[in-house]
Amino acid sequence: MTEILPAALAAPYDALLLCSFGGPNGPDDVLPFLRNVTVGKNIPEDRLVEVGEHYGHFGGRSPINEQNLELMTALQEELARRGVTLPVIWGNRNWHPYTVDALRDATAFGTKRVLALVTSAYASYSGSRQYREHLAAAVAELGEGAPEIDIVRPFFNDPGFVLANADAVAEAAATLDGGLAGAHIVYVTHSIPDAMQDASAVTGPGYREQHEDVLATINTLLAGDVAPTFDSSLAYCSRSGDPRTPWLEPDVNDHLEELAAAGVRKVVIAPIGFISDHMEVAFDLDTEALETAQELGMHAVRADTVGVRDRFVGGLVDLVLERAARERGEDAPARTVGAFPALPDVAPPGSCRMRHGEVTGIPVIAGTED
Ligand SMILES: CC1=C(CCC(=O)O)c2cc3nc(cc4[nH]c(cc5[nH]c(cc1n2)c(C)c5CCC(=O)O)c(CCC(=O)O)c4C)C(CCC(=O)O)=C3C
Ligand SMILES: [Fe+2]
């Protein structure tokens, strides 16, 4: 076999698109951004006003854009460190810079094959399929000359992501009196409607089961060789939508109350569902949940999100190069931790619909529209 020079390790891709959610950069952006997010979503107006106020507490801007710029730089540096030639570009689903604009620019510079890395680790409609619809819409809008796009599989069970989370939980626990002993780790992720959960579980492990897998791995790592003296559970934040529609529970605040009533006094809040400290983390956890814990007389600390930790960024670059190698027809096994295999590079028919049983026929990239 001929050896591939490092510079060509990302071939056939000629750009890596960091594809994210987007967020407002100032007060005037907040409402138009929220309207973009909720178009066709049946979110009550008073919920929009409430979420607008969350951004208001932070000067009308979300930290998400700066965090994505940092991640983009970290990815570029790690690729350069490995000698790989692959420009990183950035585009969002719901706010500037929009994906379609980033792709148009890249195309003008001759980009033909793009690998997209979505900033959600877990597979569900919101975290994966909706991005794949969004990318297909961008390609359609660009028309002739649009780049061909592939996607990095949802990376919840990537060793880099899971180990970086375990490090963050261990560091947070170390700040508690007596460390992890006698503590309760509340793992937290974004709630989704039950119907979206059910749809996420049709062709592979569901959204909740993916999180349960990650937290089981982290718990095993933290326990080491000794019998664990800590407990853990999974709770949810940021529920929205019609209050009559069932979403995944328990809400993190309700859950903290239950734990306090059961005598728990030491808590690590571990936001494994999010890769950076964007608004859900800054408001729903650091503002609301930590306040709830304090009112309940608990000592609670929030573990870092993976952000730009070396292990995480290194894992992402491994995923990118692994995907490129498979695209070149090489045998590049997908590395994982936990009970589940890697999710496929191309989503199977029927995966991660918005609602269980619903077929919309909306085109996607890296999968079929059924
Ligand atoms: C699973 C999931 C992630 C994945 C985790 C990840 O990707 O990291 C995620 C990420 C994010 N969600 C975000 C913001 C919002 N999400 C909303 C609404 C919704 N999210 C949902 C789910 C998820 N969301 C769902 C099922 C809805 C209901 C409407 C719908 O079905 O789409 C709304 C509307 C108002 C409201 O209802 O809350 C907003 C403003 C931001 C940006 C934060 C910032 O600005 O810093 C980010 C990263
Ligand atoms: Fe969301």
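Q: How far apart do the C-alpha centres of domain 1 and domain 2 lie?
A: In this predicted model, the C-alpha centres of domain 1 and domain 2 lie 25 Å apart. The contact between them takes 27 residues from domain 1 and 25 residues from domain 2.

Q: Which elements give two or more residues to the side of domain 1 that touches domain 2?
A: Those elements are helix 2 (45-56), helix 3, helix 5 (125-142) and helix 11, and the largest share, 6 residues, comes from helix 11. By residue type, the side of domain 1 that touches domain 2 divides into 12 nonpolar, 11 polar and 4 charged.

Q: And where does the chain divide into those domains?
A: Domain 1 is made of 6-154 + 308-327, while domain 2 covers 159-302.

Q: Back to helix 11, what should its 18 residues span?
A: Helix 11 (residues 310-327) should span 26 Å at 1.5 Å a residue, and its end C-alpha atoms are 26 Å apart, so the two values agree. After helix 11 comes Gly329, whose phi is positive, near 90°.

Q: Which residues of helix 11 are buried, and what covers them?
A: The buried residues include Phe312, Val313, Leu316, Glu322 and Arg323, and what covers the buried residues of helix 11 includes strand 1 (15-20), helix 3 (64-81), strand 3 (113-118), strand 4 (148-151) and helix 6 (159-174).

Q: Switching to the whole chain, what is its radius of gyration?
A: The chain has 20 Å, which agrees with the value near 21 Å that a compact globule of 370 residues would have. Of those 370 residues, 45% count as buried.

Methods:
Residues are numbered from 1 along each chain as its sequence is written. Chains are lettered from A and ligands numbered from 1 in the order in which they are written. This is a predicted model: local features need pLDDT of at least 70, side-chain atom pairs count only at pLDDT 80 or more; totals for chains, interfaces and linings use all residues. Helices (H or I, at least four residues) and strands (E, at least two) are DSSP runs, numbered from the N terminus. The expected span of a helix is 1.5 Å times one less than its number of residues. A residue is buried if 20 or more other C-beta atoms lie within 10 Å of its own, exposed if 12 or fewer, and partly exposed in between; C-beta atoms are placed from the backbone. Two residues are in contact if their C-beta atoms, placed from the backbone, lie within 7 Å. The radius of gyration is taken over C-alpha atoms; the globule rule is 2.2 Å times the number of residues to the power 0.38. Domain bounds come from an automatic or database domain assignment. Ala, Val, Leu, Ile, Met, Phe, Trp, Tyr, Cys and Pro count as nonpolar, Asp, Glu, Lys and Arg as charged, and the others, Gly among them, as polar.
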